[in-house]
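Dear colleague,

I am passing on a structure that I have been reading through, and I would be glad if you kept it open beside this message. My notes on it follow directly below.

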Amino acid sequence: MPIKDQTLLLPQPMVNTMLALAQQNPDIEICGLIGNNENNNRKEYYAIDNVAKNPACGFLMDAHQQIKAMKTMRDRQQTLYAIVHSHPTTSAIPSQRDIEENNYRDVYYIIISLNAKDVPEMRGYIPQADSMQAVDIALI
Ligand SMILES: [Zn+2]
């Protein structure tokens, strides 16, 4: 379903989990999916293993885990809300590869950057045909 809301609403505890995972894995891009139940707006993060050949500068979600997460989302009446990955050494801006390899148009795209030393940075985007449009993130 098309994205209507231009602000990404994310629960603080879930964001803390995602940021902690990124910080605990400073040598690889972590990746995962967020499911959202539109009836009660409850969101949940599903961590997926990065099986890219070079996980330090790219991500490829483990297909089996991805299918399992999508099935769990369905069971919980959730739809895919966002795709998340981290950039260990670069800023929270989508790489050319991120833009080219993203297959989801109506799903938010979230990047966590560990580039800034102390505090991880998180940015949200809405995928466009050949780019990604930045959106605000609000913690709830
Ligand atoms: Zn990336």
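Leu 8 has Ile 137 in strand 7 as its bridge partner. Please keep in mind throughout that this is a predicted model. The pairing to which these residues belong is that of strand 1 with strand 7 (residues 132-139), which runs in the parallel sense over four bridges. Strand 1 (residues 7-10) shows a covered face made of Leu 8 and Leu 10, whereas Thr 7 and Leu 9 are on the uncovered one. In general, the side chains of a regular strand alternate between the two faces of the sheet.

Taken as a whole, the sheet is an open one of seven strands with mixed pairing, in the order 1-7-6-5-4-2-3. Strand 1 and strand 3 stand at its edges, and because each has a single partner strand, one side of each is left without a neighbour in the sheet. On average, and with direction ignored, neighbouring strands of this sheet are turned by 30 degrees against each other.

Within the sheet, strand 5 and strand 6 run antiparallel and are joined by five bridges, and in strand 6 the bridge partner of Ile 111 is Arg 123. Helix 1 (residues 12-24) packs on the sheet, where it touches strand 1, strand 3, strand 4, strand 5, strand 6 and strand 7, and its direction makes about 15 degrees with that of strand 3. Helix 2 also packs on the sheet, touching strand 2, strand 3 and strand 4, but its direction makes about 165 degrees with that of strand 3.

Turning to the loops, I noted two residues for their backbone angles. Most residues other than glycine have a negative phi. Asn 41, in the loop between strand 2 (31-37) and strand 3 (42-48), has a positive phi of about 60 degrees although it is not a glycine, and Asn 41 is exposed, with 11 other C-beta atoms within 10 Å. Gln 77, in the loop between helix 2 (63-75) and strand 4 (79-87), likewise is not a glycine and has a positive phi of about 55 degrees; Gln 77 counts as partly exposed, because it has 13 C-beta neighbours inside 10 Å.

Finally, is Ala 116 buried or exposed? Ala 116, which lies in the loop between strand 5 (108-113) and strand 6 (121-127), is exposed, since 10 other C-beta atoms lie within 10 Å. The C-alpha atoms of Ala 116 and Arg 97 are separated by 22 Å, the two residues being 19 residues apart along the chain.

Methods: Residues numbered from 1 in each chain as written. Predicted model: local features only at pLDDT ≥ 70, side-chain atom pairs only at ≥ 80, totals over all residues. Buried ≥ 20, exposed ≤ 12 C-beta atoms within 10 Å, placed from the backbone. Pairing = 2+ DSSP bridges. Axes fitted to C-alpha atoms, helices over the stretch in contact; angles between N-to-C directions. Contact = placed C-beta atoms within 7 Å.
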